[in-house]
Amino acid sequence: MSPDIIIALVTFCIVSSVTPGPNNMMLLASGATFGFGRTIPHMAGISLGCVAMMLLLGIGLAGVIARAPWLYTVLHIASAAYLLYLSWRIATSVGVGSTTARTRPLGILEAAAFQWVNPKAWAMCLGIATSFTRPDHIIVDVPIAAAILALAGLPCIMLWAGGGTVVRQLLTRPGALRAFNIGMALLLVASLVPGLIELVERT
């Protein structure tokens, strides 16, 4: 990759990673409910999942999807179902002092697996694979792109988890934290709207 392409890719990764989306809404809620330390596995899982997705898409999965557009419909349906489930988990989280087995932060593997039903992660990785890698240099460009995505994205998602920790200090009453979590859950549900509109337009 040339230096100008790398600069453009870094900019793309930062802007895409720091803007609101399912991952960041979940990190904000997790930071507020469980604290920054317990949210670290969630952040690590996001980075791991995005790197794995970038590698697979860049190496050849994007071509498979191009030949089988119905996979996008499956993706949207699976995404909607899983995001609704995660919204329910966020809305029913009650905080560190009274957590139960069903109210815990996402682990590394859960967060990594979530990227495969995260429309924003698909859009980011497909955009990188098609716009910043060279077809005749796939073996070199794709790992570089995956590394840049992880390195540029990690500080961005840390900001959201850290923001949740700051918000947590303001939500000392259980009722306030519950209201915050319900609000985050509703925002997560709202993030489904663009994908659903696209799904309707494609069918």
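**Figure 1. Overall arrangement of the predicted model.** From the N terminus on, the elements of the protein follow the order α-α-α-α-α-α-α-α-α, and the model shown here is a predicted one. The protein has nine helices and zero strands. Of its 203 residues, 44% count as buried. Among the contacts in the protein with a separation of 6 or more, 84% are accounted for by residues 24 or more positions apart.

**Figure 2. Close-up of helix H1 against helix H7.** Two packed helices are described by the angle between their axes and the distance between the axes. For helix H1 (residues 3-18) and helix H7 (residues 138-170), the angle is about 35° and the axes lie 8 Å apart, and H1 passes H7 in a right-handed crossing. On the H1 side, the residues that meet H7 are Ile 6, Leu 9, Val 10, Cys 13, Ile 14, Ser 17 and Val 18, while H7 contributes Ala 145, Ile 148, Leu 149, Ala 152, Gly 153, Cys 156, Leu 159 and Trp 160. Sorted by class, the contact of H1 with H7 comprises 13 nonpolar, two polar and no charged residues.

**Figure 3. Close-up of helix H2 against helix H7.** H2 and H7 pack at an angle of about 40°, with 7 Å between their axes, and their crossing is right-handed. From H2, the residues in this contact are Asn 24, Met 25, Leu 27, Leu 28, Gly 31, Ala 32, Thr 33 and Phe 34, and they meet Ile 157, Trp 160, Ala 161, Gly 163, Gly 164, Thr 165 and Arg 168 of H7. By class, the contact of H2 with H7 holds eight nonpolar, six polar and one charged residues.

**Figure 4. Close-up of the surroundings of Thr 33.** Thr 33 is placed in helix H2 (residues 22-34). Its relative accessible area is 2%, and because the limit for a buried residue is under 20%, Thr 33 counts as buried. The side chain of Thr 33 reaches the backbone oxygen of Ala 29 at 2.9 Å. Although Thr 33 and Gly 164 are 131 residues apart in sequence, their C-alpha atoms are 7.8 Å apart in space, and both residues are listed in the contact of H2 with H7.

**Figure 5. Close-up of helix H6 and its start.** The buried residues of H6 are Ala 121, Trp 122, Met 124, Cys 125, Leu 126, Gly 127, Ile 128 and Ala 129. At the start of H6, a side-chain oxygen of Asn 118 comes to within 3.1 Å of the backbone nitrogen of Lys 120.

Figure 6. Val 167 is placed in helix H7. With a relative accessibility of 23%, Val 167 counts as partly exposed, because this value falls between the limits of 20% and 50%. Val 167 and Phe 180 are separated by 13 residues in sequence and by 9.2 Å in space, taken from C-alpha to C-alpha.

Definitions and conventions:
Residues numbered from 1 in each chain as written. Predicted model: local features only at pLDDT ≥ 70, side-chain atom pairs only at ≥ 80, totals over all residues. Heavy atoms only, no water. Axes fitted to C-alpha atoms, helices over the stretch in contact; angles between N-to-C directions. Helix = DSSP H or I, 4+ residues; strand = E, 2+ residues; numbered from the N terminus. Left-handed = near helix turned anticlockwise from the far one by under 90°. Contact = heavy atoms within 4.5 Å. Nonpolar A, V, L, I, M, F, W, Y, C, P; charged D, E, K, R; others polar. Buried < 20%, exposed > 50% of the residue type's maximum accessible area, 1.4 Å probe, protein only. Polar contact = N/O pair within 3.5 Å; in protein donor to acceptor, adjacent residues only side chain to side chain.
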